[in-house]
Amino acid sequence: MTVTPLPSNRPGMRRRATYAATAAVVLAAGLTACSSDEPVDDAPCAATATSRDDGSRSINIPTAEVTVLSPGEGVAQPLTVKPDTASPQEVTLETSSIEASIAPTSANDGTNEVQKTEQQLATPITARSVCDDPTDLEFRIGTPTSKDTNLSSLLGALDGSTGGLSFAAGMTPTRLRLKPTDASESPARSALEQSLIGSLDYAVPLPTSPVAPGATWRSVRTVSAAATVTQTMNVTLAARDGDLLTLDVTVDEEPVNSVFAIPGSEAKLHINRYSMTGKGSITVDLRRLLPTAGRMSMKGGRELVGDDPNRPILQQNEFTLVWRKSQ
């Protein structure tokens, strides 16, 4: 069986193949279209969750189950999320992913094909809490930038794209809504979508019970794509200064079974070996729904087997996300 080029399932890019397979249908149907002539609502908070009914594409984000392992030392206090409705949040998300793979060229010869793909995107975001609903956030995208010169020339058309996020308790995102501009092209839309989803896959949830500095908790979520994985995130409240929290995070992912389903076909590969681990530090402001600063890096690899168990597909994956205040 010829299995190259192999679709990706790495963090931040794990849904690329699934979205690529449906991109033509979605774009043709106009589900992600946005008129550049629409009025801009630039009030401090969003009057309504406009992205719920303006034709934005709605994407489910896997929820997390949080268990407090240690309440910390000192006086425990609730981590009460109280979004600021007096001013918008200006933040930039940067994601970078690398995948290198060695795979059989075909079933009829003994040669292998080496592939390497990289994608980097920095996206300025203006986010506004919905005035009377702290569980919803509306956002507007500025002009993203990329080190990829081919992609970079397409990113200016994304300026003015809009969307929204729904949150559950503990600042946990549950649904992304995204509406790129009419003028943007498929490669730019895909890059933006992948970057946002990659960051949300690694959103750090907060416990709903009071905790003190030094507290630790565990977050477990299931992420389904070509391979379905269980993501376990261990979090330490390293410091608290009023509403500002510094969270130290380690992450480990394990497949729930040995099935790697190639999106867009009925073909399946066997996961022989799999590893994906990482760590980082994230700064959270309880008055804001998006992280205000921080960095997280993931690294790993996997071995996949098709018809010939003696000719596995080997992959190495890296994914980094950075949150910072917009300049």
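This is a short chat about a predicted model of one protein chain.

Q: How many helices and strands are there in the protein chain?
A: The predicted model has 3 helices and 14 strands.

Q: And how much of the chain is buried?
A: Of the 327 residues, 47% are buried.

Q: What share of the contacts comes from residues 24 or more positions apart?
A: Taking contacts with a separation of 6 or more, 68% are between residues 24 or more positions apart.

Q: Switching to cysteines. How many disulfides does a search of the whole structure find?
A: The search finds 1 disulfide. Cysteine 45 is joined to cysteine 131, with an S to S distance of 2.0 Å.

Q: Which parts does that pair tie together?
A: Two loops. Cysteine 45 sits in the loop between helix 1 (16-29) and strand 1 (57-60). Cysteine 131 sits in the loop between strand 4 (112-130) and strand 5 (133-141). The pair therefore ties together parts that are 86 residues apart in sequence.

Q: What is the handedness of the link between cysteine 45 and cysteine 131?
A: Right-handed, with 95 degrees about the S-S bond.

Q: Is cysteine 45 buried or exposed?
A: Cysteine 45 is buried, at 14% relative accessible area.

Q: Now salt bridges. How many does the structure hold?
A: The structure holds 13 salt bridges. One of them pairs glutamate 193 with arginine 57, and the closest N and O atoms are 3.0 Å apart.

Q: Where do glutamate 193 and arginine 57 lie?
A: Glutamate 193 is in helix 3 (residues 186-201) and arginine 57 is in strand 1. The two are 136 residues apart, and the pair links distant parts of the chain.

Q: Are those two buried or exposed? Start with glutamate 193.
A: Glutamate 193 is buried, with 9% relative accessibility. Arginine 57 is buried too, at 19%. That value counts as buried because the cut-off is under 20%.

Q: What about aspartate 136, which residue does it form a salt bridge with?
A: Aspartate 136 forms a salt bridge with arginine 177, with the closest N and O atoms 2.9 Å apart. Aspartate 136 lies in strand 5 and arginine 177 in strand 7 (residues 172-179), so the pair ties together parts 41 residues apart in sequence.

Q: Buried or exposed, for aspartate 136 and arginine 177?
A: Both aspartate 136 and arginine 177 are buried.

Q: Which residues are linked with them in a network of salt bridges?
A: The network links Arg52, Asp136, Glu138 and Arg177.

Q: And lysine 116, which residue is in a salt bridge with it?
A: Glutamate 118 is, with the closest N and O atoms 3.8 Å apart. Lysine 116 counts as exposed, at 58% relative accessibility.

Q: New topic: glutamines. Where does glutamine 89 lie?
A: Glutamine 89 is in strand 3 (residues 89-104). It counts as buried, at 7% relative accessibility.

Q: What lies 3.5 Å from a polar atom of the glutamine 89 side chain?
A: The backbone oxygen of proline 291.

Q: Which residues is glutamine 89 in contact with, leaving aside neighbours within four places in sequence?
A: One group is Ile125, Thr126 and Ala127, and the others are Arg288, Leu289, Leu290, Pro291 and Thr292.

Q: And where is glutamine 77?
A: Glutamine 77 is in the loop between strand 2 (65-70) and strand 3. It is partly exposed, at 41% relative accessible area.

Q: How many residues apart in sequence are glutamine 77 and proline 210?
A: They are 133 residues apart in sequence, yet 4.5 Å apart in space, C-alpha to C-alpha. Beyond its neighbours within four places in sequence, glutamine 77 is in contact with Pro210, Val211 and Arg240.

Q: Last one, the surface. Which residues form a nonpolar patch?
A: Ile102, Val114 and Leu314 do, with about 260 Å² of accessible area together. Isoleucine 102 is found in strand 3 and is partly exposed, with a relative accessible area of 36%.

Technical notes. Residues numbered from 1 in each chain as written. Predicted model: local features only at pLDDT ≥ 70, side-chain atom pairs only at ≥ 80, totals over all residues. Heavy atoms only, no water. Helix = DSSP H or I, 4+ residues; strand = E, 2+ residues; numbered from the N terminus. Buried < 20%, exposed > 50% of the residue type's maximum accessible area, 1.4 Å probe, protein only. Polar contact = N/O pair within 3.5 Å; in protein donor to acceptor, adjacent residues only side chain to side chain. Contact = heavy atoms within 4.5 Å. Patch = residues over 30% accessible without salt bridge, like charges linked within 9 Å, V, L, I, M, F, W, Y side chains within 5 Å. Areas by Shrake-Rupley, 256 points an atom, 1.4 Å probe, with all protein chains shown as cover. Salt bridge = Lys/Arg side-chain N within 4 Å of Asp/Glu carboxyl O. Disulfide = S-S within 2.5 Å.
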